[in-house]
Amino acid sequence: MDYTVIRSRRRTIAVEITRNGEILVRAPLRLADREVKAFVERHRGWVDSKLARARQQPVQAAPRRFREGEMFLFLGMRCRLRFVAGGEYLRLENGEFLLGADLASRAGDLFRTWYRARAREVFEDRVAHFAPRMGLSCRAVRITDARGRWGSCSPSGTLNIAWRLVMAPPGVVDYVIVHELAHLVEMNHSRRFWDCVAGVLPDHRARRAWLRENEPSLDG
Ligand SMILES: [Zn+2]
């Protein structure tokens, strides 16, 4: 477990989780490192549950700087960026994005490429899951760079979905996929269209509301 220790003249030790999902330990000046470690270990259950909750909070929209410790969303999980000396990759491992330290200047491109590739896998998988249940066939999924428009579909049966959507929780990804699939039968937002969506996702309203509220946090 990675944590930052802040020592001061305080007499007690305490652990807290910052808004960025980092673990902060406040300790007295002279407390031995192993005592600090033992304290954190003893509170591991509490720390893990706090971290899990922090990861579900939407990330505030902020310009990307691609610095160590910055949080990136993937399928609704908050994943911390960590640089790895000598690494020649960007990958997601145990909830952390690991990026080769020498690649930092190309981080923006690497993230975009990474997200696009994952978006393709996830969206194609979900289309293959829902299309047969809705009695539809979808010819192709096209990954777009659109901002502010999550999906669209063409009468020829192609779905266009923005790669940024792969930052959203799985239930929200499903909502956009089902919404666009339903447009293959109903090219409007009529009552029949929403009945078609509700037939597969009875709670579609809540998912849509989440998307509207959290849109800014998905603007990577
Ligand atoms: Zn629509």
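Glu41, Arg44 and Asp48 are joined in a network of salt bridges (a salt bridge being a side-chain nitrogen of Lys or Arg within 4 Å of a carboxyl oxygen of Asp or Glu). Across the whole structure, a search turns up 18 salt bridges. Keep in mind that this is a predicted model, where local features need pLDDT of at least 70 and side-chain atom pairs count only at pLDDT 80 or more, while totals for chains, interfaces and linings use all residues. Residues are numbered from 1 along each chain as its sequence is written, and side-chain values use heavy atoms, with hydrogens and water left out.

**Within a helix**
- Arg44 and Asp48 pair up in a salt bridge, at 3.9 Å from N to O.
- These two sit four residues apart in helix H2 (residues 44-56), so about one helical turn separates Arg44 from Asp48; helices (H or I, at least four residues) and strands (E, at least two) are DSSP runs, numbered from the N terminus.
- Arg44 is partly exposed at 34% relative accessible area, and Asp48 is partly exposed at 38%; buried means under 20%, exposed over 50%, and partly exposed in between (1.4 Å probe, protein chains only).

- Arg26 makes a salt bridge with Glu16, with the closest N and O atoms 3.0 Å apart.
- Arg26 belongs to strand S3 (residues 23-28) and Glu16 to strand S2 (residues 14-17), so this pair ties together parts 10 residues apart in sequence.
- Arg26 is partly exposed, with 27% relative accessible area, and Glu16 is partly exposed too, at 31%.

**Further along the chain**
- Arg126 and Asp125 form a salt bridge, their closest N and O atoms lying 3.9 Å apart.
- Asp125 counts as partly exposed, at 47% relative accessibility.
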